[in-house]
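Here are my notes for your next look at this model. I have kept them as numbered points, with each cut-off given where its term comes up.

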Amino acid sequence: MQPRNMSMSGVVDLAAVKAAQEAKAKAEQARAEAARQGGGPGAVSPADLVIDVDEAGFERDVLQRSAEVPVVIDFWAEWCEPCKQLSPLLERLTVEYNGRLLLAKIDVDANQMLMQQFGVQGIPAVFAVVAGQALPLFQGAAGEAQIRETLDQLVAVAEQRFGLTGLTVDPDAEPGGAQTAPAVPEGPYDALLEAAVQALDAGDLAGAVQAYKNVLADDPANSEAKLGLAQAELLQRVQGLDPQQVRKDAADRPTDVQAQIAAADLDLVGGHVEDAFGRLIETVARTAGDDRDAVRLRLLELFEVVGADDPRVAAARRALARALF
């Protein structure tokens with residue numbers, strides 16, 4: 001079976017937005033607490049990057065560690081022939097990534113509950129946990145190039161979205177030992193960004209919007225605040241809308257710019273990214289003047305929500321250019 005690509009670019013539904021924000025807040029709190037206690041992720045030996053995990057140690061070894069470093073989980077069994085090819089490859093690659101990820105090996109025969117909790121249908125099966133959030137990576141045997149591509153994406157997302165830069169690896173360190181790493185100072189806008197996360201958690205979308213705007217007033221290029229603001233404003237716009245009525249209005253009035261914009265917002269929140277983009281690009285093509293500009297600006301806002309690195313955004317930008325010119 002070929003690896004399934006991780007769907008990590010763009011957060012487009014209410015549950016995902018909230019889960020990502022909560023996970024990031026928990027990861028930051030865990031790092032801050034470790035720093036206050038004079039600890040934090042210390043230097044480890046290469047042997048410490050591959051660990052055997054059971055149900056009793058799962059919370060400590062996987063969930064808690066995922067606030068420091070992305071944890072890849074390898075579900076395997078002694079009788080599984082493909083596992084005997086995949087597991088050594090994962091172990092070698094983990095060491096090569098030099099602390100940017102951790103490999104947790106779980107024997108499914110001895111840990112049936114974990115297998116059920118992750119919904120594993122067959123082995124080998126590989127998942128990741130980042131800041132407490134579980135992500136399916138792939139199931140079955142896979143080639144080294146495909147695995148590297150998946151791990152590269154995992155490491156990039158862990159760093160960009162959650163600030164997880166991994167562990168310090170000392171090749172001379174004794175396995176199981178750790179040295180104290182210096183505490184990472186808080187950034188100048190951490191308090192404001194955390195206030196925005198807390199406002200989202202409390203359902204105070206207006207408060208979250210204002211908190212992100214406060215950051216951008218001083219630091220207009222702050223990527224985290226720009227993404228957070230775009231997401232919070234999207235959620236604010238769709239709050240209280242009647243989806244059935246919005247979609248009926250859009251179907252009945254194809255030339256009504258505001259009806260199409262509202263429907264595109266709902267499309268995106270529902271995870272229908274290409275539908276949202278396509279709806280607005282079609283509207284751009286048949287409008288002019290202020291109406292066209294309003295649709296174009298909303299489309300650019302939705303690009304911010306999904307993320308510039310998403311291939312759907314790149315394709316939509318090209319289609320927008322064709323519609324405009």
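1. Strand β2 is mostly covered, with 6 of its 6 residues buried. Buried here means under 20% relative accessible area, exposed means over 50%, and partly exposed is in between, with a 1.4 Å probe and protein chains only. Helices (H or I, at least four residues) and strands (E, at least two) are DSSP runs, numbered from the N terminus. This is a predicted model, where local features need pLDDT of at least 70 and side-chain atom pairs count only at pLDDT 80 or more, while totals for chains, interfaces and linings use all residues. Residues are numbered from 1 along each chain as its sequence is written, and side-chain values use heavy atoms, with hydrogens and water left out.

2. In a regular strand the side chains alternate between the two faces of the sheet. On β2, Val71, Ile73 and Phe75 point one way, Val72, Asp74 and Trp76 point the other way, and all are buried.

3. Which strands does β2 pair with? With β3 (residues 102–107) the pairing is parallel, over 6 bridges, and with β4 it is antiparallel, over 5 bridges. Two strands pair if DSSP finds at least two bridges between them. Aspartate 74 is a handy landmark for both partners: it stands opposite lysine 105 in β3 and opposite valine 126 in β4.

4. Between β2 and β3 the chain crosses through helix α3 (residues 81–96), and this β-α-β crossover is right-handed. That label applies if, with the strands pointing away from the viewer, the path from the first strand over the helix to the second runs clockwise. The loop between α3 and β3 holds asparagine 98. Phi of asparagine 98 is near 55 degrees, a positive value in a residue other than glycine. Asparagine 98 is partly exposed, at a relative accessible area of 47%.

5. Lysine 105 also has a side-chain contact to look at: its charged end sits over the ring of tryptophan 76, 5.2 Å from the ring centre. The criterion is that NZ of Lys or CZ of Arg is within 6 Å of the ring centre and within 35 degrees of the ring normal.

6. How many aromatic pairs does a search of the whole structure find? It finds 5. Rings of Phe, Tyr and Trp (its six-membered ring) pair if their centres lie within 6.5 Å; planes under 30 degrees apart count as stacked, over 60 as edge-to-face and the rest as tilted. One of the pairs is phenylalanine 75 with phenylalanine 127, edge-to-face at 5.8 Å centre to centre and 85 degrees between the planes. Phenylalanine 75 lies in β2 (residues 71–76) and phenylalanine 127 in β4 (residues 125–130), so this pair ties together parts that are 52 residues apart in sequence. Both phenylalanine 75 and phenylalanine 127 are buried.

7. Phenylalanine 127 also forms an edge-to-face pair with phenylalanine 118, at 5.2 Å centre to centre and 70 degrees between the planes. Phenylalanine 118 is buried as well. Ring pairs link Phe58, Phe75, Phe118 and Phe127 into a cluster.

8. Please look at both ends of β4. Proline 124, in the loop between α4 (112–117) and β4, is joined to isoleucine 123 by a cis peptide bond, with omega about 0 degrees. β4 and β5 run antiparallel, joined by 6 bridges, and valine 130 stands opposite glutamine 133 in β5. Their hairpin has 2 residues between the strands, and alanine 131 there takes a positive phi near 50 degrees. Alanine 131 counts as buried, at 7% relative accessibility.

9. The buried residues of α6 are Leu193, Ala196, Val197, Ala199 and Leu200. They cover an arc of only 160 degrees around the axis, which puts them on the same side of α6; the arc is that of the directions from the helix axis to the C-beta atoms.

10. After α6 comes glycine 203, whose phi is positive, near 80 degrees. Aspartate 204 lies in the loop between α6 and α7 (205–218) and is partly exposed, with a relative accessible area of 38%.
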